[in-house]
Amino acid sequence: MPREDVMKWLRSQYMPHIWCPGCGHGVIMHALLRALCALDKDPDKTVISSGIGCSSRLPGYVDTCTLHTAHGRSLAFATGVKLADPELTVVDVMGDGDCTAIGGNHFIHACRRNIGICAIVMNNNIYGMTGGQASPTTPPGAFATTAPYGAIDPPFDVCHLAIGAGATFVARATIAQPTMCENLIKKGIQHDGFSVIEIVTHCHTQFGRKNKRKEPIENYNFFKDNSVMKAKADSMSPEELKGKIVIGELFQKDGEMEYTARYGQIIDKVSG
Ligand SMILES: Cc1ncc(C[n+]2csc(CCOP(=O)(O)OP(=O)(O)O)c2C)c(N)n1
Ligand code: SF4
């Protein structure tokens, strides 16, 4: 894709961005921009919503309709927008803390409603913005400012959580597979229902520094070496899968009516 096409979607007046050089969040933003471009979306009919966190700064840099809301509440805002105008393309970006800690309840209920929003979970296993506190996805044994002896809480698997709660398209990639990130985001946006695209990324500043991956490239290589495509993972034992990141399309359920369509039926019924 020509660079100029993607540049058109950027609010370059807000550059330089606030992210640390090499932060994985930039890879995700680029993948999202390429996906929107490739789908030929109209920026005036595209909404990107976020909460608070380094990840949540993303919409500020994208020249669509954007909402920077409260920590953990982006899906509530995105839901309101989608209900107000179901024709809009609504993308919601969240950090792992945003999505699975303070916003966990909003997340599971958006999943069960099957509302037409593409949720991108930018999972760097830590609270990046506030100094590296452990999140619900911090791996056991990993160090964080709130886990100086290593995390002991069992982590959430974002995709399993989404599937269990009722999301109808669930997929995962890491920032070491940027083309896959773009393609999965495209599919998520095209899906008629609630889609969850987990993108495993890194915060080398807060997580990496404490966990022997302080350089961006060490994180990239870690993801590359430990990613396993779903088709291969299906034939591996739980022992073999320990520490691996299963990537690709993990779950799809078609035929489930999208929430605003269901809501529209009620409106039609009561209005005669
Ligand atoms: C109600 C509320 N509680 C706490 C905070 C402080 N806070 C801001 S960002 C953040 C964590 C961000 O972590 P995550 O969502 O994982 O995103 P990242 O910064 O790692 O991209 C917290 C706790 C806040 N802004 N609002
Ligand atoms: S603190 Fe971490 S998540 Fe935030 S911009 Fe820096 S590297 Fe990225």
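Asp40 is found in the loop between α2 and β1. Helices (H or I, at least four residues) and strands (E, at least two) are DSSP runs, numbered from the N terminus. Residues are numbered from 1 along each chain as its sequence is written, while chains are lettered from A and ligands numbered from 1 in the order in which they are written. The model is predicted, with local features needing pLDDT of at least 70, side-chain atom pairs counted only at pLDDT 80 or more, and totals for chains, interfaces and linings using all residues; side-chain values use heavy atoms, without hydrogens and water.

**Exercise 1. Backbone angles**

Task: Is Asp40 buried or exposed?

Solution: 
- Step 1. Take the cut-offs: buried is under 20% relative accessible area, exposed is over 50%, and partly exposed is in between (1.4 Å probe, protein chains only).
- Step 2. Asp40 has a relative accessible area of 68%, so Asp40 is exposed.
- Step 3. Asn114 lies in the loop between α5 (104-113) and β4.
- Step 4. A cis peptide bond joins Met15 and Pro16, with omega about 0°. Pro16 sits in the loop between α1 (3-7) and α2.
- Step 5. Most residues other than glycine have a negative phi, and most peptide bonds are trans.

**Exercise 2. The largest nonpolar core**

Task: Which residues of the largest core touch the most other members? Which element supplies the largest share?

Solution: 
- Step 1. Define the core: buried Ala, Val, Leu, Ile, Met, Phe, Trp, Tyr and Cys residues joined through side-chain atoms within 4.5 Å.
- Step 2. The largest core has 37 residues, and those that touch the most other members are Met29, Leu32, Leu58, Ile120, Ile185, Ile197 and Ile199.
- Step 3. Sort by element. At least two core residues each come from α2 (25-38), β3 (89-95), β4 (118-123), β7 (169-174), α7 (178-190), β8 (195-200) and β10 (245-252). The largest share, eight residues, belongs to α2.
- Step 4. A separate core has 28 residues, including Val90, Met94, Val121 and Cys159.
- Step 5. Zoom in on Met29. Contact means heavy atoms within 4.5 Å. Leaving aside neighbours within four places in sequence, Met29 is in contact with Leu10, Trp19, Leu58, Tyr61 and Val62.
- Step 6. In soluble globular proteins, nonpolar side chains tend to be buried together.

**Exercise 3. Around the ligands**

Task: Which residues come nearest to ligand 1?

Solution: 
- Step 1. Ligand 1 has 17 residues around it, and Cys54, Ser55, Gly97, Asp98 and Gly128 come nearest. The largest share of this shell, four residues, comes from α4.
- Step 2. List polar contacts (here, pairs of N or O atoms within 3.5 Å). A backbone N or O atom of Cys54 lies 2.8 Å from an oxygen atom of ligand 1. For a polar backbone atom of Gly97, the distance to a ligand 1 oxygen is 2.9 Å. For a backbone N or O atom of Met129, it is 3.0 Å.
- Step 3. Classify. Ala, Val, Leu, Ile, Met, Phe, Trp, Tyr, Cys and Pro count as nonpolar, Asp, Glu, Lys and Arg as charged, and the others, Gly among them, as polar. The ligand 1 shell has six nonpolar, nine polar and two charged residues.
- Step 4. Around ligand 2 are Trp19, Cys20, Cys23, His25, Cys54, Asn124, Gly128, Cys203, His204 and Thr205. They divide into five nonpolar, five polar and no charged.

Methods: Near = heavy atom within 4 Å. Polar contact = N/O pair within 3.5 Å; in protein donor to acceptor, adjacent residues only side chain to side chain.
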